[in-house]
Amino acid sequence: MSSEPIEPSLVAMDSCFTAFDKDCDDRLSLAEFTLICRALFRNDKGHIYIVPSDQLEQMFAVFDKNQDGYIDRDEFTFCWNSWIKTIVRPINAYLVVDVQNDFISGSLNISNCSAQQNGIEVIDPINKLIDTVEFDAVFYSLDWHPADHVSFIDNIKQRPIHPTSPLNADNAAVYDTVIFAGPPPMRNRLWPRHCVQDTWGSELHKDLKIVENSIKVYKGTNPEVDSYSVFWDNKKMSDTSLCGQLKQKGITDVYVCGLAYDVCVGATATDALSAGYRTILIDDCCRGVDLQDIETTKETVLNNHGVIVHSKEVKAMVEGRDRRPELGFKLAMELKNAENENKRGRRQI
Ligand code: VGL
Ligand code: ZN
């Protein structure tokens, strides 16, 4: 008899495979994989999420690496380690975007914008999640501009305007977009002077809870380029410290909330998706500038396999008790892309 200890995770993997290999042919058919998905994508109230059949087929194809129409034990090892484990036990980051004085009651008070929303209303639901949900990492971003920043309307005369710009220094108003000459030419939306480094306006609101061991991320520090997303500036020229920190912590899921919904929150959620993260937008923890732009933000997130939830749904998701098929599909597509990259790399050698 072997004295080797049995690896508990291996037992789980093998017993999972065996449990779903209903016809005992030592491989999983699409029908058997579909049963796995029914077991995976559900919540703790007994609801089973329906996965569209074309998505089931696409996900099955990712794990059926040799394309013989079955997932064998080898292929299932990859499926288990890279996909099922994350779905059942995600590693979660909470990203609180720009909950700063200027956006709530200062120079860029969003209640003066067309949607007339009040930024202070995000603080209670954001704090409640901090108090009740155990995230693996918490980040607070700060819009952090130097005084000569390109986005401030009162700096408009500091840089030449491009000849193709529909508006110029004499007729552009706040919230308009102009094209600066560069080089390179750069479209820029104009805002009131806001979130100037080390001023009251750029401080996080005093009622926002700051958890221990959380990380602050500063953006918009380059005077020449605006930076809505917490990942990259608007030209994707440079990244912030967020990218490396998420990677280093092995984060799989990013929860995004804060101000402003259709500007920095939206850009951050979109970039989280393009960086490959399973991305969750917490609707009631966001307030924005323009209602149409908020709708567009939501559509972009949904079209890219992100999910939009109410804060009351977050705890069960973080704890792996409510498992959304959109996020499972997103991860499967990321695995497929990584595999294709890999193949391309090998061909070049
Ligand atoms: C923001 C406008 C300008 C934001 C930042 O944080 O949403 N909006 N700069
Ligand atoms: Zn700004």
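1. In this predicted model, Lys-65 lies over the face of Phe-78, and its distance from the ring centre is 3.7 Å. A second contact of this kind involves Lys-236, whose charged end sits over the ring of Trp-232 at 4.1 Å from the centre of that ring.

2. Phe-78 also belongs to an aromatic cluster, which is made up of Phe-33, Phe-41, Phe-60, Phe-63, Phe-78 and Trp-83. In the structure as a whole there are 14 aromatic pairs. One of the pairs is formed by Phe-33 and Phe-63, whose rings are tilted, with 6.2 Å from centre to centre and 50° between the planes. Because Phe-33 lies in helix H2 (residues 30-40) whereas Phe-63 lies in helix H3 (residues 53-63), this pair ties together parts that are 30 residues apart in sequence.

3. Phe-63 lies in helix H3 and Phe-78 in helix H4 (residues 73-88), so the pair ties together parts that are 15 residues apart in sequence. Phe-78 has a relative accessibility of 23% and therefore counts as partly exposed, the limit for buried being under 20%.

4. Turning to the sheet, six strands form an open arrangement in the order E7-E4-E3-E8-E9-E10, and their pairing is parallel. At its edges are strand E7 (215-219) and strand E10 (307-309), each of which pairs on one side only. From one strand to the next, the twist averages 25°.

5. Which strand does E7 pair with, and over how many bridges? The partner is strand E4 (residues 137-143), and the two run in the parallel sense over five bridges. Among the residues involved, Asp-143 has Lys-219 of E7 as its bridge partner.

6. Helix H6 (residues 123-132) lies across several strands, namely strand E3 (92-97), E4, strand E8 (253-259) and strand E9 (278-287). Relative to E9, helix H6 runs at about 135°.

Technical notes: Residues numbered from 1 in each chain as written. Chains lettered and ligands numbered in written order. Predicted model: local features only at pLDDT ≥ 70, side-chain atom pairs only at ≥ 80, totals over all residues. Heavy atoms only, no water. Pairing = 2+ DSSP bridges. Helix = DSSP H or I, 4+ residues; strand = E, 2+ residues; numbered from the N terminus. Axes fitted to C-alpha atoms, helices over the stretch in contact; angles between N-to-C directions. Contact = heavy atoms within 4.5 Å. Phe/Tyr/Trp six-rings, centres within 6.5 Å; stacked < 30°, edge-to-face > 60°. Buried < 20%, exposed > 50% of the residue type's maximum accessible area, 1.4 Å probe, protein only. Lys NZ or Arg CZ within 6 Å of the ring centre and 35° of its normal.
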